[in-house]
Amino acid sequence: MRLILLFIIIFPLLGWEYYSHGHLVSLTPLAFFTKTICPKYFLTSNGQKVGVDNRVLCRFKNLSCQQKFTKNYRFKKLSSGDILLFVHNPTEAFELSKKLYESGYALYAHPDFLIEPKKRSFDPLFDPLQWNLHNYGQYGARPDVDMDVYEAWQYASGKGVRVAVIDNGFDLSHPDLRGAFVGQVDLVDMDANASYDNPYEIHGTACAGLIAARKNGIGVQGIAYDSDLLAIKLIGSYASGQDRPLYVSTILEAFMFADEMGAQVINCSWGTYDVADAVRYIIHKLATEGRSGKGTPIVFASGNEGRGQWYWGDDESALPDVLAIGAVNDYGDIAWYSNYGPALDFVAPSGGGNLAITTTDISGPLGCADGSFGHPDYCYATDITGFNGTSAAAPQVTAVIALMLQRNPELTKDQVVQILAKTAKKIGSIPYENGRNDYFGYGLVDADDAVKIAIALKVEQQVKGKAFPIAGYFVHYGLGAYDWLYISTNKKLVAKLAGMNGRYLRWEPLLINAFDNIQIQGDLIHFGQSSDPFGQNFAGRSFAINGYFVHYALGPYDWIYVTANTHHPYKFEGLGFDGNFLWVPLETSASITQSQVRFR
């Protein structure tokens, strides 16, 4: 008892204090965790364990301020612009941190904490049926509790979009992920190989599969199956399974690597519950200045404690610059473990009900699926070995953003969030006030509607305030999907729609000058006599003009169809999975004259 009292009396005198977000914060030392003088371990106010050794992380306000301090210390300039100062021991690290901040020369200064990240994994599970992407009630799930990804694949696959996954190791040779990785870094062992080192480093592979598992006929299919992945190994595990602590500066390096490698969206299915000022700064910088000033969407899992924001309010996921993602189960209810609160933005499907989520596992009998169920490279939702939690929810939202950015790479981060909020499904029984609540955020992400609005915004920006010549008139002369007739504006070409070559319309022209005359009278088109056998079906008859096509750019799909009666414009997208035409409605209005369409 005397030793314990001595510990309590002496250690506070050493001043384990630093400034966080402008406020002086005290840490409680853990004597029994301190096996060596350096590092020394502490408990934060919310019970998280952190370590401090001889490193101080800071950002000076200008070069003059930096030079006043760095001349007396060994230092390293990080690619993020932060300065890492080296002192002798933890005591000096705290003292220098306070001195720097109180001097007014630094935007922030604190020890380069060793932290133990909390991976957002909850009893990892896999499933061969990807109900989260297309839910028709399989395994007793409530139909349509999904993200409408199946429908969104008619418009996008993520091709050309670069997605950074900051996690704990990846199976780079997994048959469903071959060709997906275009860049990698290991910030645990500080090398260029982001592969997993032991059976406990399985989390990254599961998240990567949800985003970009290839459409190759082998196993599962990622939401953005054509996207490119940046594998960033930030979190490591010892052979015992215990997570290895990491420096705050290493987190900065992870985000900087993502930015420097051109990441267009970043996934983080982890958190620290005690975000450092340096991390807060770099996240804000990327979210507002990344992607050439458009802002980089950064997606975080909200956590699996089933608690309100009083618990996770100091986590990265609660920052206003990120998208915080919770989880719903296959019944459409909030998952019992999913954290909630005002900072929650959206939800996505995960476990916690009758099913879990399908994705990739590290190959062979070492990962979540050890082969007991006959599928060692994948876990199934009906097994006890699957992947879920908010860890599974976050990468699904990340992948939907990749689909959106494929079709409209100029979207800002704020526009991405606005589109997701506008299109989210309002599920659950809790009322949505002003479009959201603290348990579902803005609702369940809807990939189909989000991608269509992303397409529409891009087209509207291209045509607004411009006029385009009418390329031709369209007549729907029968009930069939292909019963369309095209008449050029000079009336010399008449063609019938014969089908599709891939996604391209295939037209069969009638004979040259098939009709002796064609007259346009208001919204009617009148055909004279015809020398063409097919054209004789129209001879002497009048048909309503259903709409007008304009070719607003040079691409094969850069066509807008404007209805004759309402003048509403639609972007043409080819054929859907059901064989019918795909149209993306535009918000802009159009006016039509004899020769052109003007968009307002």
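1. Helices (H or I, at least four residues) and strands (E, at least two) are taken here as DSSP runs, numbered from the N terminus. By that assignment, Pro320 lies in the loop between α8 (309-312) and β19 (323-328). Pro320 counts as exposed, at 72% relative accessibility, where buried stands for under 20% relative accessible area, exposed for over 50% and partly exposed for what lies in between (1.4 Å probe, protein chains only). Its C-alpha atom is separated by 51 Å from that of Leu497, 177 residues apart along the chain.

2. Basis of the note. The model is a predicted one, in which local features need pLDDT of at least 70 and side-chain atom pairs count only at pLDDT 80 or more, while totals for chains, interfaces and linings use all residues. Residues are numbered from 1 along each chain as its sequence is written, and side-chain values use heavy atoms, with hydrogens and water left out.

3. Overall architecture. The chain contains 11 helices and 36 strands. Its C-alpha trace spans about 110 × 60 × 45 Å along the principal axes. Of its 600 residues, 56% count as buried. Contact here means heavy atoms within 4.5 Å; among the contacts in the chain with a separation of 6 or more, 64% are between residues 24 or more positions apart.

4. Helix α9. This helix, residues 390-407, has 18 residues. From first C-alpha to last, α9 reaches 27 Å, close to the 26 Å expected at 1.5 Å a residue; the expected span is 1.5 Å times one less than the number of residues. The helix is mostly covered, with 17 of its 18 residues buried.

5. Packing of α5 on α9. Helix α5 (residues 203-212) packs against α9 at an angle of about 35 degrees, and the two axes are 8 Å apart. Axes are lines fitted to C-alpha atoms, for helices over the stretch in contact, and angles run from 0 to 180 degrees between N-to-C directions. The crossing of α5 and α9 is right-handed, that is, the near helix is turned clockwise from the far one by less than a right angle. On the α5 side the contact is made by His203, Cys207, Leu210 and Ile211, and on the α9 side by Ser391, Ala392, Pro395, Gln396, Thr398 and Ala399. These residues divide into six nonpolar, four polar and no charged, counting Ala, Val, Leu, Ile, Met, Phe, Trp, Tyr, Cys and Pro as nonpolar, Asp, Glu, Lys and Arg as charged, and the others, Gly among them, as polar.

6. Nonpolar cores. A nonpolar core is a set of buried Ala, Val, Leu, Ile, Met, Phe, Trp, Tyr and Cys residues joined through side-chain atoms within 4.5 Å. The largest has 104 residues, of which Met404 and Leu420 touch the most other members. Helix α9 gives the largest share of this core, 11 residues. Leaving aside neighbours within four places in sequence, Met404 is in contact with Leu411, Val416, Ile419, Leu420, Ala450, Val451 and Ala454. A second, separate core of 59 residues includes Val52, Ile83, Leu96 and Val185.

7. Helix α6 (residues 248-260) has 13 residues and reaches 19 Å from its first C-alpha to its last, close to the 18 Å expected. It is mostly covered, with 10 of its 13 residues buried, including Ser249, Leu252 and Phe255. Gly262, which follows α6, has a positive phi near 85 degrees. Leu78, in the loop between β7 (74-77) and β8 (83-86), is buried at 6% relative accessibility. Beyond its neighbours within four places in sequence, Leu78 is in contact with Leu57, Ser249, Leu252 and Glu253.

8. Most residues other than glycine have a negative phi. Arg291, not a glycine, has a positive phi of about 55 degrees; this residue sits in the loop between α7 (277-289) and β18 (298-301) and is buried at 11% relative accessibility. His567, also not a glycine, has a positive phi of about 60 degrees. The loop holding His567 runs between β32 (559-563) and β33 (569-575), and at 27% relative accessibility His567 counts as partly exposed.

9. Gly465. This residue is placed in the loop between α11 (447-463) and β23 (467-469) and is exposed, with a relative accessible area of 51%. Apart from its neighbours within four places in sequence, Gly465 is in contact with Arg598, Phe599 and Arg600.
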